[in-house]
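Reader: I would like to learn how to read a protein model. Please take me through it feature by feature.

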Number of protein chains: 2
Amino acid sequence: MTPPPARRVPVPPGGDVPGGTGGGPAGTLERQGAIGTQRTNGPRSSEGRAPGESEGHEATTLLRRARAAVDPELRAAVGELPAALGRVARYHFGWSHADGSPATGNAGKAIRPALVLASAAAVGGARARAAAVRAAVAVELVHNFTLLHDDVMDRDTTRRHRPTAWTVFGDADAILVGDALLALALRLLAADPHPASAAAVARLADCVVELCAGQQTDTAMERRRPDEVTLAETLAMAEAKTGALLGCACALGGLYAGAEEDDVAALDAFGREAGLAFQLIDDVIGLWGDPDRTGKPAGADLAARKKSLPVVAALTSGTPAAAELAERYAMPYEEGAEDLERTALAVERAGGRDWAQTQAADRMARAMQELSRAVPEPEAAGGLLALAEFVTRRTA
Amino acid sequence: MTPPPARRVPVPPGGDVPGGTGGGPAGTLERQGAIGTQRTNGPRSSEGRAPGESEGHEATTLLRRARAAVDPELRAAVGELPAALGRVARYHFGWSHADGSPATGNAGKAIRPALVLASAAAVGGARARAAAVRAAVAVELVHNFTLLHDDVMDRDTTRRHRPTAWTVFGDADAILVGDALLALALRLLAADPHPASAAAVARLADCVVELCAGQQTDTAMERRRPDEVTLAETLAMAEAKTGALLGCACALGGLYAGAEEDDVAALDAFGREAGLAFQLIDDVIGLWGDPDRTGKPAGADLAARKKSLPVVAALTSGTPAAAELAERYAMPYEEGAEDLERTALAVERAGGRDWAQTQAADRMARAMQELSRAVPEPEAAGGLLALAEFVTRRTA
């Protein structure tokens, strides 16, 4: 048996070693909220509230408002597509079934659009928020372009509780609709008469290149032997693949609100750090979450022997459980729940779960620092803070 | 035996019936230049030259100048990509071998950049041409994005005499580098301080959507039975898949030269019609061209039972040879040259080759009309005319 690693030992930047000794069982962390303690580190959105629930409520309100703000323009943009492309896109967004009939689906949590709008509001108030809707739509389009393409490359078969687009319409349609959504996204920004339009296109296009590089590193890492992959490069991959777009969302909100270059950069860094925390928690949920809530099969990443962040942390921990995990990862998945349960247990015993939660807390602390630089007034920063805490405390 | 169909019978717009009777053997057409007779229909770039060679020389000069003008900025744009993406891109462009070592390759004929620059020059002279280089680079990037993605979807293994990127680096890398080139293209235009920048992004993004729709129709048509495909929809597909980008190239040149909206539209129509002529000749070359010159295996389209324009024209001709061709297309390709030769002969005997060359001439005539609307002065239109004639008279 391996002693459970600590949950609050700071991890050096780029460090390959998960936390050492001590600390409680990981389950208590989740009951406290996934990353527990960062609530005192940053600016607060409002005073005197009960912890947890009210901020969760604020975040869900922001997400709902973002969805309501972007959906009309998102549907209008997708509605401009030629019929056969539009049909695949509407299926992907959950607006219609495979046969084209309307569906009351789940288009996702609107985290990225909400970050654009909250970032604009933090810098420039309600007027800036209203002016940034197109940027929020563009970011949502780019996000969905990556989902469509990544699902093809990764051969993922389930997304948002439904079969992925490529499994229904074939690879070509999924690739082409992804291409079209990317073009729509940049077109929408370019055609916006807002003075930040051209800078926003450049920034979002740069982000797309970074997302592609992150996905490329990810697919290349999946082909390598588990012992050839370091934690530092896995973190860098996750920053490019996930952090970049959350950072860009916040940066675009700032740009649209007329923020100075330094503040735009700090908003970008805030989003990146929060994005990495988000990815870490996403990986934890992927390994130990409830498939009824996640919309993805339980243990699918383990069955595919994916080198997610907790897995690589476990593999590089130097513990006896790491050796057992490496042995399991060296062999293909054996059908049946037992293999998955034992593999997940090995990740946990090697400290992968606790490391991920500690690392997420660390990233959130850095995010708070960046946020307080860009938006010093706690009142103004409240929405961004609530969203960042929400996405790293969720369980699905 | 079927009588060879006529080569100069005009085809009604969207008509499904290839030309009827009479006319000479197709081979003489090619010796005269692929579509032979349009030299007297449009404005002339200069007077008193020997026909054929001098205009071909003008076109090759324009293509060489376009390559020289766009290559530095194209290489700089690709050079901004992260290393692993850049490596795949440089291989695709023929600038390096698969191992990353430099190659003196063939990056393509630069037809689309040359159209952008010639269009700008036609409207606004040398100064407009110089200002339009970024637009030319953006169009070339979009063209290569489509090549990378289409080769993945179509499982094409050879391009420009070399193995396609996906066969060397895998599907994921080819998809991702295509995505990145698309993002770079729109970024380049958006970041251009030129006043036409935003309109150009919108126009190029619209074109990308149309290219995707064309490719989607193409892949869907390939899955259908040969007798379910009409010539009208095959022509519409070719216009979206090929004509759209040549039209957009000309439109961007006009936009960058400050042309009025009507003239931009006429330049777009010129490029579309010339693009369709180009595609028709490309299909003819694909069926009867010399693989040493085309860089693609002989008869690859026939072996894959592709429903190219001459094939669909032949299939819908109502001739005995059409029935023979339909029978051949109903069965998978049998390894060996005999199947390909007989299939190509059936296409020819059913009038597919002559129809394609007649249709190309018809499209070129329409292109000339549009050109004379947008650029009434023959001197100014000369470059565009030379390029359009060049691409429809080439043999590889």
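Reader: Which helix of chain B holds both B:Asp362 and B:Arg366?

Author: First, a caution: this is a predicted model. Now the helix. B:Asp362 and B:Arg366 both belong to helix 16 of chain B, residues 352–374. They are four residues apart, about one turn of the helix.

Reader: What links B:Asp362 with B:Arg366?

Author: Start with the general idea. Side chains of opposite charge can pair when their charged atoms come close. Here B:Asp362 forms a salt bridge with B:Arg366, and the closest N and O atoms are 3.2 Å apart.

Reader: Is B:Asp362 buried or exposed?

Author: Buried means under 20% relative accessible area. B:Asp362 has 18% relative accessibility, so it counts as buried. B:Arg366 is partly exposed, with a relative accessible area of 22%.

Reader: Which residue forms a salt bridge with B:Arg342?

Author: The partner is B:Glu338, with the closest N and O atoms 2.9 Å apart. Both residues lie in helix 15 of chain B, residues 337–349. Again the spacing is four residues, about one turn of the helix. B:Arg342 counts as partly exposed, at 44% relative accessibility.

Reader: How many salt bridges are found over all chains?

Author: A search of the whole structure finds 48. Take one from chain A. A:Glu239 forms a salt bridge with A:Arg272, and the closest N and O atoms are 3.1 Å apart.

Reader: Which parts does the pair of A:Glu239 and A:Arg272 tie together?

Author: Look up each residue's helix. A:Glu239 is in helix 9 of chain A (residues 231–256), and A:Arg272 is in helix 10 of chain A (residues 261–288), so the pair ties together parts that are 33 residues apart in sequence. A:Glu239 is partly exposed, with a relative accessible area of 29%. A:Arg272 is buried, at 18%.

Reader: Where is A:Asp192?

Author: Find the loop between helix 7 (171–190) and helix 8 (197–223) of chain A. A:Asp192 is placed there. This residue is buried, yet has no salt bridge.

Reader: Which side chain of opposite charge is nearest to A:Asp192?

Author: That is A:Arg134, 4.2 Å away. A salt bridge needs a side-chain nitrogen of Lys or Arg within 4 Å of a carboxyl oxygen of Asp or Glu. Leaving aside neighbours within four places in sequence, A:Asp192 is in contact with A:Arg134, A:Ser197 and A:Tyr256.

Reader: Now the rings. How many aromatic pairs are found over all chains?

Author: A search of the whole structure gives four. One of them joins A:Tyr91 and A:Phe169, at 5.5 Å centre to centre. Read the angle next. The planes are at 70°, and the pair is edge-to-face. A:Tyr91 lies in helix 3 of chain A (residues 83–92) and A:Phe169 in helix 6 of chain A (residues 165–169), so the pair ties together parts 78 residues apart in sequence. Both A:Tyr91 and A:Phe169 are buried.

Reader: Why is the pair of B:Phe93 and B:Trp95 stacked?

Author: Planes under 30 degrees apart count as stacked. The planes of B:Phe93 and B:Trp95 are at 15°, with ring centres 4.7 Å apart, so this pair is stacked. Both B:Phe93 and B:Trp95 are buried.

Reader: What sits over the ring of A:Tyr91?

Author: The charged end of A:Arg162 does, 4.1 Å from the ring's centre. In chain B, look at B:Trp95. B:Arg75 lies over its face, at 4.3 Å from the ring centre.

Reader: What about the backbone? What is the phi of A:Arg305?

Author: A:Arg305 has a positive phi of about 55°, although it is not a glycine. A:Arg305 is in the loop between helix 12 (300–303) and helix 13 (309–315) of chain A. B:Arg160 also needs a look. Its phi is positive, about 50°, and it is not a glycine. B:Arg160 lies in the loop between strand 1 (158–159) and strand 2 (162–163) of chain B.

Notes
Residues numbered from 1 in each chain as written. Chains lettered and ligands numbered in written order. Predicted model: local features only at pLDDT ≥ 70, side-chain atom pairs only at ≥ 80, totals over all residues. Heavy atoms only, no water. Phe/Tyr/Trp six-rings, centres within 6.5 Å; stacked < 30°, edge-to-face > 60°. Helix = DSSP H or I, 4+ residues; strand = E, 2+ residues; numbered from the N terminus. Buried < 20%, exposed > 50% of the residue type's maximum accessible area, 1.4 Å probe, protein only. Lys NZ or Arg CZ within 6 Å of the ring centre and 35° of its normal. Lys, Arg positive; Asp, Glu negative; His and termini not counted. Contact = heavy atoms within 4.5 Å.
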